[in-house]
Structures are given as C-alpha cells and as structure tokens.
Amino acid sequence: RRTGVAVVEEVALAPPTAYDTIESFAYAWDEKKGLVTVYVTLAGVHELPKGAVSVQFGERSFDLKVRGAVNRRLVVPELYDMIDPPRCRCRVKKDKVVLLLKTGHPAVPFSAWQKLSSGAADPAAWGANPDA
C-alpha cells in the first residue's frame with residue numbers, strides 16, 4: 001500500500017506568438033449605414049491560408065491578428081464609440097484586410113470618428129500591439 005506518492009508530469013507550453021505592430025491604416029465612416037470601415041494594407045495577405053487572419057471585436061475595441069511569415073497585430077483598445085460585435089465583419093481582399101464596424105445608432109455624431117480611437121493619435125501610445 002502506497003501513501004503520499006506524488007506524480008509529476010511535465011507539460012510543454014508553446015511559446016507566446018510575437019507580433020509586429022501594424023502602424024498605419026485608413027478608415028471611413030458612413031453615417032447613413034451606421035458603419036465604420038477600417039482598411040489595413042498588407043502585401044500578400046490574400047495568399048495566406050484560411051484562418052491566418054483573425055479579429056476579435058469588443059463593444060468598444062478590436063484586436064486584429066495576421067499570422068504569416070511575419071506576424072502582425074493591430075489592437076484598438078478603446079474606440080471612440082460603441083460598435084455591435086456580432087454585426088462586425090472582417091474581409092480579406094487582395095493585399096488588404098477590411099474591417100466593417102457596425103455602429104448601429106450613433107450616440108455621438110459620426111464626425112467624432114475623425115479619430116478612430118478615443119486615445120492618443122499615435123497607435124503605439126494606445127497599445128496598437130500589446131506584445132511589442
């Protein structure tokens with residue numbers, strides 16, 4: 001009869017993925033459709049395998065990750081206004097990623113979207129890549 005025997009099992013964890021910060025993007029808003037569109041130009045993104053581009057939408061944020069030869073990431077932790085995450089979309093086009101942010105009925109005028117983030121104008125200042 002054995003008592004007090006401990007079993008130790010080693011588990012190998014994958015190292016965290018490193019990302020380069022996506023530092024530039026463009027956006028436009030359509031007040032009539034309640035839509036903000038974010039355009040991220042990335043050469044060859046359309047040639048990556050399915051699942052290489054992912055995005056998580058929050059009520060006031062998004063986190064875009066692109067996994068390829070060079071991993072890239074754009075995090076906007078606090079958008080200027082609320083979006084409707086289940087109605088937001090990500091589309092991969094030739095050499096670009098297009099994010100469609102559905103805003104619904106704006107609580108603020110769309111002219112306020114002139115700066116995408118409620119934070120600083122410099123993406124690095126508001127955490128465009130928390131892994132950097």
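This is a predicted model: local features need pLDDT of at least 70, side-chain atom pairs count only at pLDDT 80 or more; totals for chains, interfaces and linings use all residues.
Residues are numbered from 1 along each chain as its sequence is written, and side-chain values rest on heavy atoms, with hydrogens and water left out.

Strands, taken as DSSP runs of at least two residues and numbered from the N terminus, are counted as paired if DSSP finds at least two bridges between them. On this basis, four strands form an open sheet in the order E2-E3-E8-E7 with antiparallel pairing, in which strand E2 (26-30) and strand E7 (89-93) are the edge strands, each pairing on one side only. E7 and E8 are joined in the antiparallel sense over five bridges, with Arg 89 opposite Leu 100 and Lys 93 opposite Lys 96. The two strands form a hairpin with two residues between them, and Asp 95 in the turn has a positive phi of about 60°.

The largest nonpolar core has 18 residues, such a core being a set of buried Ala, Val, Leu, Ile, Met, Phe, Trp, Tyr and Cys residues joined through side-chain atoms within 4.5 Å, where buried means under 20% relative accessible area (1.4 Å probe, protein chains only). Val 40, Phe 62, Leu 64, Val 97 and Leu 101 touch the most other members, and strands E3 (35-41), E5 (61-66), E6 (72-76) and E8 (96-102) each supply at least two residues. With contact taken as heavy atoms within 4.5 Å, and residues up to four places away in sequence not counted, Leu 101 touches several residues, including Val 38, Phe 57, Phe 62 and Ile 83.

Technical notes: Buried means under 20% relative accessible area, exposed over 50%, partly exposed in between (1.4 Å probe, protein chains only).
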